[in-house]
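Please keep the model in view while going through the numbered points.

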Amino acid sequence: MQALRGRIVQAESQAMAAPSVSVLITGANRGLGLEMVKQIVEAPRPLRTLFACCRDPDGPRAEALQTLAKKHPDIISVVRLDVDDLCSIKQCAQHVGSLVGTGGLNLLINNAGVLIRNTLQETSPEEMQKTFNTNVIGPMSILQEFLPHLRSAAKACGTPGMSTSKAAVVNISSTLASMQRIQQTYEFTPAVSYRISKAALNMLTMCAVEELRKDEILFSLLHPGWVRTEMGGEDGDIEAQESVLGMCDVMASLTEKQNGAFLDYKGNPIPW
């Protein structure tokens, strides 16, 4: 017991000694995004600002987020961000930049997403376009607009290597994007537009890995598991709390060795 307490004290001491970080989460008003806000704001790691972004911060679907923000007014900043709207993304990036300054944005989590469960024969061009707008074009535009702030964070850190405390982008993907696993998963969850969009998000991430390696910005893909949320449905394997707890542990452990890695919430690699 004393040894365990010693490790806890040591971890807390290390966390307090670490520099404070700024984090941005998209789709933060419900499900995994809301749980991420809860757990990150309560974590021992020093947190300068947590930008909790959603489409309609003043709407009824953001009430839980606003309640949480009121409990942490000096840390949580609720910001409007519609990932399907480039103007909204630009405005959010400008607002965040005005607050983080030269310290930059340390961690960007692209969590917002849309899931349509239709088969190939049922999927319409409109559904495919809607899914790509949210799951691929949105994250691409967000990366482009927030890149200066990520670069500022990497430079401000002043230490070599990569980590989510320095400058990182974590894209929430899915095992449904895995081509190697499609025979095991397709019959149960076709979701053609979702699968294709997440496979595209994976490739987008790998393009960013290659293009921005010199900037020492870490990129990673995380599969949260089959979670009991509005998107995942009530038949999921795990609760959001367990999924996010695992993902937060994985994110905290990432280094340049995992740059471009596709991992599940337990840290296990997922075949492409």
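1. Helices (H or I, at least four residues) and strands (E, at least two) are DSSP runs, numbered from the N terminus. The model is predicted, so local features need pLDDT of at least 70 and side-chain atom pairs count only at pLDDT 80 or more, while totals for chains, interfaces and linings use all residues. Residues are numbered from 1 along each chain as its sequence is written, and side-chain values use heavy atoms, with hydrogens and water left out.

2. The loop between α6 and α7 contains Ala-191. This residue is not a glycine, yet Ala-191 has a positive phi of about 40 degrees. Is Ala-191 buried or exposed? Ala-191 counts as buried, at 0% relative accessibility; the term buried means under 20% relative accessible area, exposed means over 50%, and partly exposed lies in between (1.4 Å probe, protein chains only).

3. Glu-216 also deserves attention, with a positive phi of about 60 degrees although Glu-216 is not a glycine. Its place is the loop between α7 and β6. With a relative accessible area of 30%, Glu-216 is partly exposed.

4. Asp-215 lies in the loop between α7 and β6 and counts as buried, at 18% relative accessibility. Which side chain does the side chain of Asp-215 join in a polar contact? The partner is Arg-151, at 3.3 Å. A polar contact is a pair of N or O atoms within 3.5 Å; within protein, one must be able to donate a hydrogen and the other to accept it, and residues adjacent in sequence count only if both atoms are side-chain atoms. Leaving out residues up to four places away in sequence, Asp-215 touches Arg-151 and Ala-154, where contact means heavy atoms within 4.5 Å.

5. On aromatic rings, the rule is that rings of Phe, Tyr and Trp (its six-membered ring) pair if their centres lie within 6.5 Å; planes under 30 degrees apart count as stacked, over 60 as edge-to-face and the rest as tilted. The count by this rule is 2 aromatic pairs. One of them joins Phe-188 and Trp-226, and this pair is edge-to-face because the ring centres are 5.2 Å apart and the planes stand at 75 degrees. Phe-188 belongs to the loop between α6 (182-185) and α7 (192-211), and Trp-226 to the loop between β6 (218-223) and α8 (240-253), so the pair ties together parts that are 38 residues apart in sequence. Phe-188 is exposed at a relative accessible area of 59%, whereas Trp-226 is partly exposed at 30%.

6. Strand β1 (residues 21-25) includes Ile-25, which counts as buried at 0% relative accessibility. Its C-alpha atom is separated by 6.3 Å from that of Asn-110, although Ile-25 and Asn-110 are 85 residues apart along the chain. Neighbours within four places in sequence aside, the contacts of Ile-25 include Met-36, Val-37, Phe-51 and Ile-109.

7. Asn-29 is in the loop between β1 and α2 and is buried, with a relative accessible area of 14%. A polar atom of the Asn-29 side chain lies 3.2 Å from the backbone oxygen of Arg-61.

8. For helix packing, axes are lines fitted to C-alpha atoms, for helices over the stretch in contact, and angles run from 0 to 180 degrees between N-to-C directions. Helix α4 (residues 86-100) and helix α5 (residues 125-157) pack at about 25 degrees, with axes 9 Å apart. The two helices are therefore roughly parallel to each other; angles under 35 degrees count as roughly parallel, over 145 as roughly antiparallel, 65 to 115 as roughly perpendicular and the rest as oblique. Their crossing is right-handed: a crossing is right-handed if the near helix is turned clockwise from the far one by less than a right angle, and left-handed if anticlockwise.

9. Helix α2 (residues 31-42) has two packing partners to examine. The axes of α2 and α8 come within 9 Å and cross at roughly 60 degrees, which means that α2 is oblique to α8. Among the residues making this contact are Leu-32 and Met-36 of α2, and Val-244 and Met-247 of α8. With helix α3 (residues 63-71), the axes come within 11 Å and the angle is roughly 10 degrees, making α2 roughly parallel to α3.
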